[in-house]
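Work through these exercises with the structure in view. Try each task before you read its solution.

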Amino acid sequence: MPLTPVIALQLSVDGCPATLWLKLESHNPHGSVKGRTALALWQDVAARVDPEFGIIESTSGNLGLALAAVAAANGVPFTAVVDPRSSASLVDAVRALDARVVTVDEPDGAGGYQLSRLAHIRHRLAAQPRLVWPDQYANPASPAVHTRETAPELRAQIPRRPTSVLVAVSTGGTLAGFRDYARAARPDWELVGVDVVGSAALGAAPGRRVLSGIGASRRSAFLPEGHRPTVRVTPQEAVSACLWLAKSTGIGVGGSSGALIATALRLFRAPSRRTSVACLCPDGADRYLDSVYSASWRDRQGLDPVDVGRGVEIIAVRRPPHHLSAPGAARSAARRAPAPGDPLKGRS
Ligand SMILES: Cc1ncc(COP(=O)(O)O)c(C=O)c1O
């Protein structure tokens, strides 16, 4: 029984049929794919956690919420080290689970706050060596849970035909887990890493980033050689794809899922047209109401939505039987589209 549902969008893209599969990781405990990661990290460190000192982790929000729940269930204190870009509702939810929240607001000089968050953790560990840091950035338990659970789950949920599988990157744990699964099980997948412009996760130079949850200030320890193929998306495209999906289907996804969907639409239009693309959507719209889904936030960031849905018509939305169907959800967003080059060509 899969943990999370897959919704199939039957599309016509510039008149050609295509299927977009959305695996909604928002249906995990604690609302994101990090529900899986948190349990795996906890199982890795549990034996050495001192209930008096507990655990500490750097997080943009999703892992913090999931770890706060796991720590509370196991009766140990937890400190989430977050930054000003973390969703306010997520941070409130972390506090509601009795976790301590430290907000590090010193920019790290690499487009975000990640390096400053990590410096804070190192400082705390030096002062209190009995504190345990699961280290989501390098702990092999993170990719392993996706090799063991998430990737085979997706494979069982979609037909066995050539499919581009799109995975968003921050620590690189999810993508590395999918890569290891694909190497061993050899599904007919083109595994595509999706990152944002300004992220160093897969080897590019770091720069300013505005979306929370996707991208990183430094190279992924799980993918030191990067990943091919990788697509880098602008925040404008990611945000626009979120708005397009919400408006045309009623499905609300987070910013990194928007980056995946924007990439999928590029692949459907590429000269070597993909016809089946699956997105592992890490979380839902609920934690982005004050960012991606807020017009004033978008204005402040200078993110004018662009028409990512040009030339795309949604023919049908198929949900697993236990999820609500959405009559009337299929709506045309059809307009002429210029055919861009192959978005994967020459990318690393
Ligand atoms: C919002 C969001 N985007 C992207 C990712 C992918 O992250 P990672 O590369 O750390 O596995 C996650 C992971 O859970 C996430 O929560």
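**Exercise 1.** Find the helix that gives the largest share of the shell around the ligand, then describe the shell.

*Solution.* Step 1: helix α6 (residues 173–185) gives the largest share, three residues. Helices are DSSP runs of H or I with at least four residues, strands are runs of E with at least two, and both are numbered from the N terminus. Residues are numbered from 1 along each chain as its sequence is written. The model is predicted, so local features need pLDDT of at least 70 and side-chain atom pairs count only at pLDDT 80 or more, while totals for chains, interfaces and linings use all residues.

Step 1: of the 18 residues around the ligand, T171, T174, G213, S256 and P282 come nearest. A residue is near a molecule if its C-beta atom, placed from the backbone, lies within 6 Å of it.

Step 2: sort the shell by type. Six residues are nonpolar, ten polar and two charged. Ala, Val, Leu, Ile, Met, Phe, Trp, Tyr, Cys and Pro count as nonpolar; Asp, Glu, Lys and Arg count as charged; the others, Gly among them, count as polar.

**Exercise 2.** Compare the span of α6 with the expected one, then list its buried residues and what covers them.

*Solution.* Step 1: α6 has 13 residues and reaches 18 Å from first C-alpha to last, close to the expected 18 Å. The expected span is 1.5 Å times one less than the number of residues.

Step 1: the buried residues of α6 are G173, T174, L175, A176, G177, F178, R179 and Y181. Buried means 20 or more other C-beta atoms within 10 Å of a residue's own; exposed means 12 or fewer, and partly exposed lies in between, with C-beta atoms placed from the backbone.

Step 2: their cover includes α1 (34–45), α5 (141–157), β6 (163–168), β7 (189–196) and β9 (276–281).

Step 3: look past the helix end. R186 follows α6 and has a positive phi, near 50 degrees.

**Exercise 3.** Is T4 buried or exposed, and which residues does T4 touch?

Step 1: T4 is buried because 20 other C-beta atoms lie within 10 Å.

Step 2: leaving out residues up to four places away in sequence, T4 touches K23, L24, E25, H27 and N28. Contact means C-beta atoms, placed from the backbone, within 7 Å.

Step 3: T4 and G177 are 173 residues apart in sequence, and 17 Å apart in space, C-alpha to C-alpha.

Definitions and conventions: Two residues are in contact if their C-beta atoms, placed from the backbone, lie within 7 Å.
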